[in-house]
Amino acid sequence: MRKTSLIWVALLVIAVIASVAATAYYLSPSTEERLIVSTTTSLYDTGLLDAVETEFEAKYPIDLNFISVGTGIAIQHAQRGDADLILVHSPPDELGFLTAGTGVNRKIIAYNFFAIVGPEEDPAQIRNTEPLQALTKIAERGRDGTDKLWVSRGDNSGTHTKEKSLWTSAGFNLTTLTKESWYVSAGSGMGETLKKADYFGAYTLADMGTYLKYKNDGLISSVVLVEQAKDLLNVYSAIAVNQTLHPNVNFDGAITFMKFLLSDEGQQIIEQFGKDEYGQSLFIPAVRLLKENTDPTMAQMIKDYAFFNGTECPQEYRKGYPELYD
Amino acid sequence: MKTIMEFENISKAYGDVAALKQVNLQIFEGEVFSLLGPNGSGKTTLLRIMAGIETLTSGEMHFDGAKVDESNINDVRLKTTMVFQKTALFSTSVYKNIAYGLRLRGHSKKEIDQKIKEVLKTVKLEGYEKRSAKKLSGGEQQRVALARALALDTQVLLLDEPTANVDPKNVSIIEDALSWVNKENKTTMVIATHNMFQAETLTNRIALLLGGRIAQIGTPQEILRGPSINLASFARLENVFSGNSKILQEGTSVIEVDDEVEIEAALRKAGKVTVFVRPEDIILSKKTIASSARNGFKGKIVEISDFGPVVKLRVNARKEFVVQITKRSFVEMQLNVGSTVFLTFKASSVHLV
Amino acid sequence: MHFGLGNEIIDGLIKALQLIFSGNPTLAEISIRSILVSSSAVMLSALWGLPIATLLGLKRFPGRFLVKGFFNAMLGIPTVALGLILYLFFSNASPIGFLRLLYSPTAMIIGQAILITPIAVSFITSAIESVDPEIKDLAKTLGASETEASIAVLKESMNGIVLALTASFNRAIAELGVVLMVGGNIAGFTSVLTTTIALETNKGEIALAIALAIILLLIVSALTITVNLIQRHKT
């Protein structure tokens, strides 16, 4: 009867919807709790987070989803409630995040140093100079007529923020600086930026973790010219997203993960990472250092650079879990 | 006799164009009814309305006693079926084409197989089930379309110019099939055609359609043999002239068709008349001829139509005449469009309509 | 310089073939996910695209021209632009944010389905329009209702419909913007061929990127060839 063809059509529609739903279901993890972590590219590209993820997921029934973006974007994600936790390395931006009320329970996890890397020939002759002086020399050389002498991240990442603060401290006006012909704004992640700097034979500011990996893998030939200076300190923190503001975020999961990163086991993973391959830790654990003051000079540098009002997280930005701050 | 379809004052317009104007018609069950008329006279439109695939602009249609409207139009579609002038086939096998309508009606596979075999036999296409319908010849395709329609055993079968674009061999197969079906199943058939001779052989009644109106309804005898101005203007679209006739002393009349054209006819009639001349009665020459014929005109050939053994020429001699000559003569005389020619015909060749 | 053309590509090609033939599980996982996501997207877009296209192709309604024009215009929508819009749509901050669809395969499926809908609709509408208009009347005079007659027309345009869906699939599986923005390229969860190619290239893993690109091309070619063969066999 004519009803038959209509029945066939209805069946077909149901079949289509069913298979789409089944596929979506199959592709998505069913029972596991999900934690969305927005992280800076330097932590992700080096592979540290993969190592952390393996160990963490073995212990906890939480599925870690890392979204690798620049610090600026990670904070934006969090502000919209699209992430549960952020791992970033830009204290000024982090403070803003806390004061806006979106971030709570900030903890410092690890640190390393930025370095100014560049071509072996070092045309601006900055080897072993102080960071601010090095930048000045590069600017002079650039203005002298060298094309493409400095590559900037240009992506509002933590590294970019650091770079900008250095230029400002050296007395340069950022708005005019970025327009000069020798200053290249890459708009890309750390790895990509390193490759561009290498390609142009230019200098750039890089975190040691990413630099070591890329150098070791033979992807770049730039060398470290300025390092280990107070001005180049790079501190990584974890901040949870405020559940009061965004009820749907996985706050407890975020704290669990944060605690893991702060635990001995987590800190051990961080310390071990890269030691075999690169001969040194790419990221240095900070928890024990800060708690027990094992290296006072280093601890002081971190406190000067990355603490707010004498603490890593002022009281008004803490929420539950007081054990985090014993 | 039971009326199976009835049309009361129906009209159909497509936008500004009126295709059918105030048509009144009754179709009786079991008859073969022809709609005769030139292209554009509304035959196809009327047929489509009967098939339930065209709506009325005004008027009422009754099918099997019930008034037809949106609620029961599907009923009409199931009880009638139409074979289109331009063969329409689905892009599948012959079998699937024919099975389509049967499946809609819920027949079992066995019944369908059986039926298809039957109808393919009727149209002399046995064994064609698996063939790709669109790959058949024109005539075979039309026969498949016919078989498809016959398979449905509808009360009414509608055919739009069923043999118009078909070669002679297929024409006779189709006509035999139609004849057989009408006799065997008493299927009512409505056939639209512009071919007078087909109308004559197959049908019980004819309706003459001109310009969207029914000019006349009757038996083939009445329509085709009797005098009729309508028939003339349809059937002999060529060489029909109207004018004022004056009787002459010698027993002929002269008809003033317009200012410059006068035709002398061997008849006695005064007043307004309509006359015609058969194309084959006109003699064509390249020079004037002196003869007993009363009518002579000079003109130029404006159109040539090749019909194989005969050639029809349209000649502009202030009025347009259609002249028919043999192919042989045409070739020998070396005529072209634009050639100046002379037309001659006798007064006795002029007939009253 | 590390971008000398010849060496790296050949090197990459060789390593790529090795990866493929060794049955690398990551490759397999990413490829399967790509295929599943894009297939589902095609099915979804067909679900709403077919009725729309049938309406556009068969019915003359006021504003038809505008609707057709809209879909034609959307054919060229930049994937990143659409990706951004969808990102905001799925984001926690939007009204449907509570569904937590962002960064999930479901979001990718929906996103790609929206992306390819203009292709499906435009192509299918064309296919339907090129069917002999008499077919619908033919179906009716054989006893079909309005719906059944429309289905008959659809069957006649089946070749065109299959072409449309194939083109849609190819577009979906090869796009980057939408799937990156709403999927987030999360390893083991929302990473697909295109996003991984982009990521690995950036990370300098050229061999892996080339391997994935080859697989992507193979999938697309295999589908197109298979469809063509089936269509030829049917006529």
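Select residues 295–306 and 340–345 of chain B. These are strands β16 and β19, and they pair in the antiparallel sense over six bridges. Keep in mind that you are looking at a predicted model.

**Stop 1: the sheet in chain B**

Stay on the pair and pick B:G296. Which residue stands opposite B:G296 in β19(B)? That residue is B:T344.

Five strands make up an open sheet in the order β15-β19-β16-β17-β18 of chain B, with antiparallel pairing. Colour the two edges next: β15 at 283–285 and β18 at 319–326 of chain B. Each edge strand has a single partner, so one side of each is left without a neighbour in the sheet. Turn the view to follow the twist, which averages 45° from one strand to the next.

**Stop 2: the domains of chain B**

Colour chain B by domain. Domain 1 runs over 3–234 and domain 2 over 236–352, according to the domain assignment. The centres of domain 1 and domain 2 of chain B lie 38 Å apart.

**Stop 3: B:D153**

Zoom to B:D153. Look in the loop between α5 (138–151) and β7 (156–160) of chain B. Check the backbone: phi of B:D153 is near 50°, a positive value in a residue other than glycine. Is B:D153 buried or partly exposed? It has 16 other C-beta atoms within 10 Å, so B:D153 is partly exposed. The buried class needs 20 or more such atoms.

**Stop 4: C:N185**

Jump to chain C and select C:N185. C:N185 is not a glycine, yet its phi is positive, at about 50°. Why does C:N185 count as buried? Because C:N185 has 21 C-beta neighbours inside 10 Å, and 20 or more is the cut-off for buried.

**Stop 5: where chain C touches chain B**

Show chains B and C together. Here 13 residues of chain C are in contact with 17 residues of chain B. On the chain C side, select α6 (134–141) and α7 (146–156), which each supply at least two residues. Which element gives the most to this side of chain C? The answer is α6(C), with six residues. Colour that side by class to find four nonpolar, three polar and six charged residues.

**Stop 6: where chain A touches chain C**

The contact between chains A and C takes 28 residues from chain A and 31 residues from chain C. On the chain A side, select α1 (2–27), β2 (62–69) and α9 (190–200), the elements that give two or more residues. Of these, α1(A) gives the most, with 10 residues. By class, the chain A side divides into 12 nonpolar, 10 polar and six charged residues.

**Stop 7: A:D217**

Stay in chain A and select A:D217. The loop that holds A:D217 lies between α10 (208–216) and β8 (223–226) of chain A. A:D217 has 13 C-beta neighbours inside 10 Å, so it counts as partly exposed.

How many residues separate A:D217 and A:E277 in sequence? They are 60 residues apart in sequence, and 9.9 Å apart in space.

Definitions and conventions. Residues numbered from 1 in each chain as written. Chains lettered and ligands numbered in written order. Predicted model: local features only at pLDDT ≥ 70, side-chain atom pairs only at ≥ 80, totals over all residues. Domains from an automatic or database assignment. Helix = DSSP H or I, 4+ residues; strand = E, 2+ residues; numbered from the N terminus. Buried ≥ 20, exposed ≤ 12 C-beta atoms within 10 Å, placed from the backbone. Pairing = 2+ DSSP bridges. Axes fitted to C-alpha atoms, helices over the stretch in contact; angles between N-to-C directions. Contact = placed C-beta atoms within 7 Å. Nonpolar A, V, L, I, M, F, W, Y, C, P; charged D, E, K, R; others polar.
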